Amino acid sequence: MTDLFSPLTIRGVTLPNRIGISPMCQYCCADDGKPTDWHLAHLLQRALGGAGMVMVEATAVLPEGRITPGDVGLWEDGQIPAHARLAAAIAHAGAVPAIQIGHAGRKASRAPAWVDEPASPGWEIVSSANLPMGHFAAPRPMTEAEILDLPAAFAATAKRAVAAGYKVIELHGAHGYLMHQFLSPISNTRNDQWGGDFEGRTRLPLAIAQAVRKAVGEDVPLFLRISHTDWIEGGWTTAESIALSKRMAALGIDLIDVSSGGIDPSQKIVLGPGYQVPGAEAVKQGAGVLVSAVGLITEPEQAQAIITEGRADLVLLARATLRDPYWPMRAAVALGRVDAIRTPPQYDRAWGSIARMAMRVETGAPMPPLG
């Protein structure tokens, strides 16, 4: 039976289990967009904790696509070495290194998440239309030329990600960021080929996916994160997410990472444990694609049921692993699957005494220099 600790192979990449670390912005880069030692320590601990995949936070494809001045970027070759350090460290710890790439659109040029203010100094923000996000500044509608340039920007960043050593790439089309701003009728009121009906609103995200697949070749798994619903009357719907996912799969997207919301403060989200899992299940069944589930998944038994019941193929954890980087090890003990996970030998005195976990001897060897 497939369970939380079963491997998952997508194209040429095998995740050792069905637990992934979601991308979580840290907002602490310098203005050059290069990951720092904070990112290295943060992500390495979660890889050591036993997750099958660790995904680097939303990484900007253009400088103006950053949410904040402290965001990670990969818009130029000079940023590759810092990313290579992250990918190498994650891989050394036994997890598959992954990265999410995106553009913030009208949610760009902000201060860090814990400071509800514009960035200072900030920069001009762009979007599908001139509609602001709540109390944020109004964006400038993107020109036709700017829109046509975006797929190439995503593709170039994806190629740099592969060069840095990332094995999985995710396109960020959720949470009210630029791709989502084009998808949703709440934020996209254009009357040209990039707006209007479903065909127009999905045109840019589909073009981005096609360009990225062509850029990285056939061996690299590609994920797409979507908000399956806007939680707003008249907004993007789960039915549209299913239709989009079918088209994305035909273009070479391997897994749909199903989240929700983020397009407008007027959203009315019904929160509860695993509240987004029904959306993931709907996309999986309706589009016939691999999906990941995310959102208030906190307990091992809960995550296990999502996989064993076939509601999703991968579980992504975020806040639960900020509280406990070793959540996967704890889950293996709770679920009686210590046979499927290995502990760093440096930590055997802690975990080996609890559950006789096998040691991952490779992690006990000196870590190669990370540059």
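Strand β9 (residues 222-227) is mostly covered, with 6 of its 6 residues buried. Buried means under 20% relative accessible area, exposed means over 50%, and partly exposed lies in between (1.4 Å probe, protein chains only). The model is predicted: local features need pLDDT of at least 70, side-chain atom pairs count only at pLDDT 80 or more, and totals for chains, interfaces and linings use all residues. Residues are numbered from 1 along each chain as its sequence is written, and side-chain values use heavy atoms, leaving out hydrogens and water.

- Strands here are DSSP runs (E, at least two residues), and helices are runs of H or I with at least four residues; both are numbered from the N terminus.
- Strand β8 (residues 168-173) pairs with β9 in the parallel sense, over 5 bridges. Two strands pair if DSSP finds at least two bridges between them.
- Gly 173 has Ile 226 in β9 as its bridge partner.
- β9 and β10 also run parallel, joined by 5 bridges. Here Phe 223 is partnered by Leu 255 in β10.
- From β9, the chain crosses through helix α6 (residues 238-250) to β10, a right-handed β-α-β crossover. Right-handed means that, with the strands pointing away from the viewer, the path from the first strand over the helix to the second runs clockwise.

- Strands of a sheet pair through backbone hydrogen bonds, either parallel or antiparallel.
- The 8 strands β3-β4-β5-β8-β9-β10-β11-β12 form a closed barrel with parallel pairing. Their twist averages 30° from one strand to the next. Such angles run from 0 to 180 degrees between N-to-C directions; axes are lines fitted to C-alpha atoms, for helices over the stretch in contact.
- Strands β3 (residues 19-21) and β12 (residues 314-317) run parallel and share 3 bridges. Ile 21 has Leu 317 in β12 as its bridge partner.
- Helix α7 (residues 277-287) packs on the sheet and touches β10 (255-259) and β11 (290-293). Its direction makes about 180° with that of β11. Contact means heavy atoms within 4.5 Å.

**Helices α5 and α6**

- Helix α5 (residues 198-216) packs with α6 at an angle of about 40°, their axes 11 Å apart. That makes α5 oblique to α6. Angles under 35 degrees count as roughly parallel, over 145 as roughly antiparallel, 65 to 115 as roughly perpendicular, and the rest as oblique.
- Residues of α5 that meet α6 include Phe 198, Leu 206 and Ala 209. Among their counterparts in α6 are Glu 240, Leu 244 and Met 248.
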